[in-house]
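Q: I'm new to this one. Can you take me through a few parts of it?

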Amino acid sequence: MQNNHDNLLNNLNIQFLRYSIDDNAPLPEHIEQMDWDQLLEFAQKQSIVGVLFHGMKRMGQHPCRPNKYQIVEWYTISEELKEENKQANRDAAMLTYLFFKKGNIKSCVIKGQANALMYPDPYMRTPGDIDLWTDQEPLDIICFVRSLCPTAGIEYHHVDCPLLKKTPAEVHMQPSFMGNLWHEHLLKKYCRQVRDEQFVNIVSLPDKAGRICTVTDSFNRVFQLTHVMHHFFFEGVGFRQIIDYYYLLRRGMTEEERQADMKVIKRLNMVRFTKGMMWLMHDVLGLDRKLLLTEPNEKIGRLLLSEIIKAGNFGFHDERYSFRGRSVYSQYFLEMYRNLHFAWYFPSETIWGRPVSRWWHMIYKAYIRRRVKNAMKKKDAQTRPAQEPAK
């Protein structure tokens, strides 16, 4: 009986989500059975409070709307998200300007505040980090960030950029990466081929917060798939990233663009995952079939949906697997065990990919950190004599 009750609540929650993201969607049937407090828990777990509050506002004075105390709670959280979005926009514009002013570095914002611009209300998305991709080579951009902040942490495909007081920021050497090293090589090759196109699309942020550069829709359709896929296998993924992709596909594409995107997706061995995502887009979120990249796959789509509901945003609410507080090696074996559940559909990631690539990541991080350390020492040695006073 408990499972049936949970399934009913999840079904109502997803129906209301579908209503919230499409202003032409009808109000869900049996809305009178909606548990608004439980919906708020679902929204917080998935980091989509602002999205569902957008749907709540659409209800107007409907007799089944939540009571005034519940509305105040939703409204308060949504206003906080709005202020956080405004701050993130200002910080993204400031970081973009700083990089160009200090280092003549072109950059574009990937994910985050760039995705928020695709929403009906740019403040309804829950903000996260600011992610920048630049036109620089990995060693050069890491050394530049370290020159501004010597304690900046270096990770496999990004360097932390703790220059902002309120919004965490990451500067990416590579927009995303794959679990399979061969497919990651192909992804890097693709990113290099289209890199120059990504630093010319300048857009203005809401409320005169400034200007940033965003990637092309064509690149975004491939890149965000790799991002969702990576997090699905690494720790978990929630509806926030799925809705980002929904609004991206709603922008539309030509048949030539669709074929070009699918050519890259096939090369990266992401067709099965993409078909599962298309099932989520169409059957769960109601996206028109003509906007899909390829035909949906229900089995894989249901697997993704089940994991999304259980894991929540970035897997933070997954009660089956907890990575927090574990050693690196313990996390590694837990991740491999978790991914064995998906091995039938995705063997290249779960069997031939991540068990090997995780070790490569550790080796590469040690290598690049040593190179940065030597490069910074060399730079200090070249500048020190000029700074010393003549005797």
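A: Start with Y329, which lies in helix α13. Helices here are DSSP runs of H or I with at least four residues, strands are runs of E with at least two, and both are numbered from the N terminus. This is a predicted model, in which local features need pLDDT of at least 70 and side-chain atom pairs count only at pLDDT 80 or more, while totals for chains, interfaces and linings use all residues. Residues are numbered from 1 along each chain as its sequence is written, and side-chain values use heavy atoms, with hydrogens and water left out.

Q: Is Y329 buried, exposed or partly exposed?

A: Y329 counts as partly exposed because its relative accessibility is 47%. Buried means under 20% relative accessible area, exposed means over 50%, and partly exposed is in between (1.4 Å probe, protein chains only).

Q: Which residues make the nonpolar surface patch?

A: V328, Y329, F333, W359 and M362 make it, with an area of about 530 Å². Patch residues have over 30% relative accessible area and no salt bridge, and nonpolar side chains (Val, Leu, Ile, Met, Phe, Trp, Tyr) are joined within 5 Å, like charges within 9 Å. A salt bridge is a side-chain nitrogen of Lys or Arg within 4 Å of a carboxyl oxygen of Asp or Glu.

Q: Which helix gives the most to the nonpolar patch?

A: α13, with three residues. Both α13 (328–339) and α15 (354–387) supply at least two residues each.

Q: Now α7. Which of its residues are buried?

A: H183, E184, L186, L187, Y190, C191 and V194. Seen down the axis of α7, these fall within an arc of 160 degrees, so they line one face of the helix. The arc is taken from the directions from the helix axis to the C-beta atoms.

Q: And what is exposed on the other side of α7?

A: W182, R192 and Q193 are exposed there.

Q: Which residue caps the N-terminal end of α7?

A: N180, with a side-chain oxygen 3.0 Å from the backbone nitrogen of W182.

Q: What about K208, buried or exposed?

A: K208 is exposed, with a relative accessible area of 84%. K208 also has a positive phi, of about 55 degrees, without being a glycine, and sits in the loop between β5 (202–204) and β6 (211–213).

How values were computed. Accessible areas come from the Shrake-Rupley method with a 1.4 Å probe; for residues, only the protein chains shown count as cover. A polar contact is a pair of N or O atoms within 3.5 Å; within protein, one must be able to donate a hydrogen and the other to accept it, and residues adjacent in sequence count only if both atoms are side-chain atoms.
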